[in-house]
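Here is a short briefing on one protein model. Look at the sequence and the structure first, then read the points below.

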Amino acid sequence: MPHPTDRSPDLTHHLVPSPAGRIHLVEQGTGPLVLLVHGFPESWYSWRHQLPALAAAGYRAVAVDVRGYGRSSRPGDVAAYRMLELVEDNVAVVHALGERSAVVVGHDWGATIAANSALVRPDVFRAVGLLSVPYSPRGGPRPSEVFAGMGGDEEFYVSRFQEPGRAEAEIEPDVRGWLAGFYAALSADTMPAPDAPDPHFAHRGGTLRERFPTGRPGWLGDEELDFYAGEFERTGLSGALNRYRNMDRDWEDLADFDGAPVTQPSLFLGGSLDASTTWLADALAAYPTTLPGLAASHILDGCGHWIQQERPDEVNRILTHWLGSLPG
């Protein structure tokens, strides 16, 4: 069932050409282009609260379905989901919209895609906003080795996602139920207590879902869950999960950018209860070096991972203030 926002006469859906074939996007408003990039397991729809707010503030707000999601192309080759390909998708969207430059804002994996878009193509992306996942420059050991060493007797979710078909076998028999549990596990009002088993890990031979809470976060009503579930029931999860399966390829592809800062004007927003923010505290501390153009770093007290859906009004206020401060 579409959310009422999906039927808004102010929203325009487009399919535009990209290296993958096509990218589906939704836009609202006129003015300087702001490209919104979602994370896992989400959709353009994750930005449903930001599109009208940014449009009202005088921006051309455009939310994409990342390659592998929704109505965008879903290549069959796992390697087609490497970071450099996703950066080129973003460039293709900007050009297809008749623009030469954009501000790029991303959440979760979208934050990493946004940061790398700004890093690799500073000629196109003039500023970057990061939600939930801090920028951490390429470097250190091969990512798969790092993740394999986490968790001790338990297995980290990123490691579980590496083998094609394995996570799909857990999720796809009950997409709606799995998504509801995953969203709840990382939401401030439903996440497990600090002393409960961590839902980012699973017993070897077990499932992630065994640790998901049964409650429903306040931001996730039936219409919202129906929209997300409907998308993934139609597309499957492989396109989304293939992003995780390219982390070693990204490490190799981006070797020339080892330790490189993102120098454009930037913004960070995180949730105080979000593991993506707290685990990467060292990345935040390094921002004077890694994000020298940082205007502000906001940690929203009592907020979980789905920051622009849990705290839409606060995120909209911070985003529009920052956008208004950028040079024209």
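**Briefing on the model**

Ser117 is placed in helix α3, where helices (H or I, at least four residues) and strands (E, at least two) are DSSP runs, numbered from the N terminus. This is a predicted model, in which local features need pLDDT of at least 70 and side-chain atom pairs count only at pLDDT 80 or more, while totals for chains, interfaces and linings use all residues. Residues are numbered from 1 along each chain as its sequence is written, and side-chain values use heavy atoms, with hydrogens and water left out.

**Confidence**

- The average pLDDT (the predictor's confidence in each residue, from 0 to 100) of the protein is 95, and 97% of the residues score at least 70.
- Residues 1–5 have a pLDDT below 50. Beyond near neighbours in sequence, this stretch makes 13 contacts in the model, a contact being heavy atoms within 4.5 Å.

**Overall build**

- The protein has 15 helices and 10 strands.
- A compact globule of 328 residues would have a radius of gyration near 20 Å, and the 18 Å of the protein agrees with this. The radius is taken over C-alpha atoms, and the globule rule is 2.2 Å times the number of residues to the power 0.38.
- The C-alpha trace spans about 55 × 45 × 40 Å along the principal axes of the protein.
- Of the contacts with a separation of 6 or more, 77% are between residues 24 or more positions apart.

**Surface and charge**

- Of the 328 residues, 56% are buried. Buried means under 20% relative accessible area, exposed means over 50%, and partly exposed is in between (1.4 Å probe, protein chains only).
- The accessible surface is about 12,700 Å², and carbon and sulfur atoms hold 52% of that area. Accessible areas come from the Shrake-Rupley method with a 1.4 Å probe, and for residues only the protein chains shown count as cover.
- There are 26 positive and 43 negative side chains. Lys and Arg count as positive and Asp and Glu as negative, while His and the chain ends are not counted.
- The centres of the two charge sets lie 4 Å apart, with each charge placed at NZ of Lys, CZ of Arg, CG of Asp or CD of Glu.

**Backbone details in loops**

- Phe40 and Pro41 are joined by a cis peptide bond with an omega of about -15°. Pro41 sits in the loop between β3 (33–37) and α1 (50–56).
- Asp108 is not a glycine, yet its phi is positive, at about 60°. This residue belongs to the loop between β5 (102–107) and α3 (109–120), and Asp108 counts as buried because its relative accessibility is 10%.
- Ser132 is another residue other than glycine with a positive phi, near 80°. The loop that holds Ser132 runs between β6 (125–131) and α4 (143–148). With a relative accessible area of 0%, Ser132 is buried.

**Residues and their neighbours**

The contacts listed here leave aside neighbours up to four places away in sequence.

- Ser117 counts as buried, since its relative accessibility is 0%. Ser117 is in contact with Val87, Asn90, Pro122 and Phe125. Ser117 and Val91 are 26 residues apart in sequence, and their C-alpha atoms are 8.1 Å apart in space.
- Asp65 lies in the loop between β4 (60–64) and α2 (83–96), and counts as buried at 0% relative accessibility. The residues that Asp65 touches include His24, His38, Trp44, Arg71 and Glu231.
- Asn242 is in the loop between α9 (238–241) and α10 (247–253). Asn242 has 4% relative accessibility and therefore counts as buried. Val78 and Tyr81 are in contact with Asn242.
- Arg249 is part of helix α10. Its relative accessible area of 29% makes Arg249 partly exposed. Arg249 is in contact with Val78, Ala79 and Arg82. The C-alpha atoms of Arg249 and Arg142 are separated by 9.4 Å, although the two residues are 107 residues apart along the chain.
- Val78 is in contact with Asn242 and also with Arg249.
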